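Biologist: I am new to this structure and would like to go through it by question and answer. Please show it first.

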Amino acid sequence: MSVGVCAYSFNTGYDAFQLMDMAIEHGLGGVEFPPDDCLPDLSPASLEQARARAEESGLFVVADGGQVEGDMLRRLIPASAGLGASTLRVVMSGVLGGDRRPLAGRWNAHLAGCRDILREVLPLAEEHGVTIAVENHSDATSHDMRWLCEELDSAYIGITLDVGNVLAVCEEPFGYTERILPYLRHVHLKDYTIHPSDEGYRIARCSLGSGVVDYPGLLSLIDGYRGQRGQTVEITKTIELGAIYARHVRMLMEDYWAEYPDRDIRDMLPFLRLYWSHVRPGGEDWRTPREKDESIEALKVYETREFEESVAYLKEIGAVRTGSGTS
């Protein structure tokens, strides 16, 4: 099992080569980063330098793009190939906390628009051997993700599963993963704690293993998956500890649900069981150093501690080989 580190675990800024150093130090197998932010430029020389460093270190590379948009995809698909990345992760919207109200009356049209843009760039993705892996970025249900992949029906379209983000649409990680497994290409390993509010609940970042996600069970499901023809499917994974601000899921507000199809309450039971098993006491402080307006130094210490605790946890459960790296 190969696990890497994602640039989005940190808000204090690391470039691609610093992330590779971090992966090597901690015995991890890869890196994930946005080329636009973590490289000097997208020139062939810059891409080749990063690719050569990853290859000599035995690291896989996943490239990150932004929201689905034609020009971005036409630029980053070739850049991803230049990096040696066979996966380009993108997102469908800027919706956070599952709150689709800013897209009132337009969610289905937005989803269809993303499909159409992706369809246009599929020949380019195929030409470069790059799979576009769309993330459930705190916005999409498992049914949305399956619909998109079934509509496009291409080996070069898949899913980046953000394990923590499934909580933002009132689903639970195991069922969500089961439903999207045939299309799964990449995983963001993330955990959250759950805190009640008058409007619903907040999900707040934490180190892996200290939140609600059953990682031994979930990783067993993912790594035990065999494709529809029984073949082994390569699914990369990176530690992506995510948002420095808690996500507020306002599921007790009636208009929160306006852009969602009706759900049978029985379909909600797995999530509700998880919620009641893990919800923290009211009044517990869920804030990060950024939310407390603490210094950038305090934020860096916080992020480093969470990352190192997450690596230690993954080694403890056998997801990362113990004895790897110097940490």
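Biologist: Which residues in α7 do Ser142, His143, Met145 and Arg146 in α6 meet?

Modeller: This is a predicted model. Helix α6 covers residues 142–152 and helix α7 covers residues 173–180. The residues of their contact divide into 3 nonpolar, 2 polar and 2 charged. On the α7 side, the residues met are Tyr176, Arg179 and Ile180.

Biologist: How are α6 and α7 oriented to each other?

Modeller: Two packed helices are described by the angle between their axes and the distance between the axes. For α6 and α7 the axes are 9 Å apart and the angle is about 10°. Angles under 35 degrees count as roughly parallel. The two helices, α6 and α7, are therefore roughly parallel.

Biologist: Is Leu152 buried or exposed?

Modeller: Leu152 is found in helix α6. Leaving aside neighbours within four places in sequence, Leu152 is in contact with Arg115, Leu118, Arg119, Leu122 and Ile157. Buried means under 20% relative accessible area. At a relative accessible area of 8%, Leu152 is buried.

Biologist: In what order do the strands of the closed barrel run?

Modeller: The barrel has 8 strands, with parallel pairing. From one strand to the next, the twist averages 30°. The order is β1-β2-β3-β4-β5-β6-β7-β10.

Biologist: Which residue in β10 is the bridge partner of Gly4?

Modeller: Strand β10 spans residues 236–239 and pairs with β1 in the parallel sense. There are 3 bridges between β1 and β10. The partner of Gly4 in β10 is Thr238.

Biologist: Which residue in β3 does Gly30 stand opposite?

Modeller: Strand β3 covers residues 60–67 and runs parallel to β2. The two strands are joined by 4 bridges. Gly30 stands opposite Phe60.

Biologist: How many residues of β6 are buried?

Modeller: β6 has pairing with β5 in the parallel sense over 4 bridges, and another 4 bridges join β6 to β7. Helix α5, residues 107–128, lies across β5 and β6. β6 is largely enclosed by the rest of the structure, because the number of its residues that are buried is 6 of the 6.

Biologist: Which residue in β7 does Thr160 stand opposite?

Modeller: β6 and β7 run parallel. From β6 the chain crosses through α7 to β7, in a right-handed β-α-β crossover. In β7, the residue opposite Thr160 is His186.

Biologist: Which strands stand at the edges of the open sheet?

Modeller: The open sheet has 3 strands in the order β8-β9-β11, with antiparallel pairing. Each edge strand has a single partner strand, so one side of each is left without a neighbour in the sheet. The edge strands are β8 and β11.

Biologist: Which residue in β9 is the bridge partner of Ile194?

Modeller: Strand β9, residues 200–206, runs antiparallel to β8. The two are joined by 7 bridges. The bridge partner of Ile194 in β9 is Ile203.

Biologist: What angle does the direction of α9 make with that of β8?

Modeller: α9 packs on the sheet and touches β8 and β9. Its direction makes an angle with that of β8 of about 85°.

Biologist: How far apart in space are Glu259 and Leu103, C-alpha to C-alpha?

Modeller: Glu259 is found in the loop between β11 and α9, and counts as buried at 16% relative accessibility. Among the residues in contact with Glu259, beyond its neighbours within four places in sequence, are Arg100, Leu103 and Trp107. Glu259 and Leu103 are 156 residues apart in sequence, and their separation in space is 7.9 Å.

How values were computed: Residues numbered from 1 in each chain as written. Predicted model: local features only at pLDDT ≥ 70, side-chain atom pairs only at ≥ 80, totals over all residues. Heavy atoms only, no water. Pairing = 2+ DSSP bridges. Axes fitted to C-alpha atoms, helices over the stretch in contact; angles between N-to-C directions. Parallel < 35°, antiparallel > 145°, perpendicular 65-115°, else oblique. Contact = heavy atoms within 4.5 Å. Nonpolar A, V, L, I, M, F, W, Y, C, P; charged D, E, K, R; others polar. Buried < 20%, exposed > 50% of the residue type's maximum accessible area, 1.4 Å probe, protein only. Right-handed = clockwise from strand over helix to strand, strands pointing away.
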